[in-house]
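Please examine the sequence and the coordinates displayed below. The paragraphs that follow lead from the arrangement of helices and strands to individual side-chain pairs.

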Amino acid sequence: MTASRIESLMKERKDERLALASARALAALASLEKAGLSAWVVGSLARGTFSVHSDVDFLVDCSPEAESDAFRILEREMRDFPFHFIPTADLDETKKTTMMKEAVGASSIRAHAH
């Protein structure tokens, strides 16, 4: 059965949003790395469950003193795209371990950026 017009439009919108999210996330990861910070994408983009309403979740390994710099980098690169900034220092070891299991770097999201 062929998709309805509305289903086709929704898929197109999701694919466009996924490409935009991926491209901006790649730029953010590169800028964070250039600043000497390790970061990963977690959440729906990492799990492959990204939807038209999803944001991008960043897990950033930085000291509390570097959090504001990391956040500004994310703001600059993500622009108007919604994101969450999760410093690893704010997580207990169990939560950090759980998040790292789904964390992905630039190589894992590069395919969606086109």
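Helix α3 lies across strands β2 and β3, and its direction makes an angle of about 160° with β3. Here helices (H or I, at least four residues) and strands (E, at least two) are DSSP runs, numbered from the N terminus. Axes are lines fitted to C-alpha atoms, for helices over the stretch in contact, and angles run from 0 to 180 degrees between N-to-C directions. Helix α1 lies across β1 and β2, running at about 10° to β2.

The model is a predicted one, in which local features need pLDDT of at least 70 and side-chain atom pairs count only at pLDDT 80 or more, while totals for chains, interfaces and linings use all residues. Residues are numbered from 1 along each chain as its sequence is written, and side-chain values use heavy atoms, with hydrogens and water left out.

The protein chain contains 5 helices and 3 strands, which follow one another along the sequence in the pattern α-β-α-β-α-β-α-α. Taken along the principal axes, the box filled by the C-alpha atoms is roughly 55 × 30 × 20 Å. Of the 114 residues, 42% count as buried; buried means under 20% relative accessible area, exposed over 50%, and partly exposed in between (1.4 Å probe, protein chains only). Contacts require heavy atoms within 4.5 Å. Among those between residues at least 6 apart in sequence, 69% join residues at least 24 apart.

The strands form an open sheet of 3 members in the order β1-β2-β3, with mixed pairing. Two strands are taken to pair if DSSP finds at least two bridges between them. Strands β1 (38–42) and β3 (83–87) are the edge strands, each pairing on one side only. On average, neighbouring strands of this sheet are turned by 25° against each other, direction ignored. Strands β1 and β2 run antiparallel and are joined by 5 bridges; V42 has D57 in β2 as its bridge partner. Strand β2 (residues 56–61) pairs with β3 in the parallel sense, over 5 bridges, and F58 stands opposite F85 in β3. How many of the 6 residues of β2 are buried? The number is 5, so β2 is largely enclosed by the rest of the structure.

Helix α1 (residues 5–34) and helix α3 (residues 67–78) meet at an angle of about 145°, and their axes are 9 Å apart. Their crossing is right-handed, a term that applies if the near helix is turned clockwise from the far one by less than a right angle, with anticlockwise giving left-handed. On the α1 side, the contact is made by R24, A25, A27, A28, S31 and L32; on the α3 side, it is made by A70, I73, L74, R76, E77 and M78. The contact residues divide into 8 nonpolar, 1 polar and 3 charged. In this classification, Ala, Val, Leu, Ile, Met, Phe, Trp, Tyr, Cys and Pro count as nonpolar, Asp, Glu, Lys and Arg as charged, and the others, Gly among them, as polar.

Charged side chains also form salt bridges, defined by a side-chain nitrogen of Lys or Arg within 4 Å of a carboxyl oxygen of Asp or Glu. By this rule the count comes to 5. One of them joins R24 and D80, with an N to O distance of 2.7 Å. This pair links distant parts of the chain, 56 residues apart: R24 belongs to helix α1, whereas D80 is in the loop between α3 and β3. R24 counts as buried at 11% relative accessibility, whereas D80 is exposed at 67%.

K11 is exposed, with a relative accessible area of 52%, and D15 is partly exposed, at 33%. R76 forms a salt bridge with E77, the closest N and O atoms being 3.5 Å apart; E77 counts as buried, at 16% relative accessibility.

The loop between α3 and β3 also holds R79. The phi angle of R79 is near 50°, a positive value in a residue other than glycine. R79 is exposed, with a relative accessible area of 57%.
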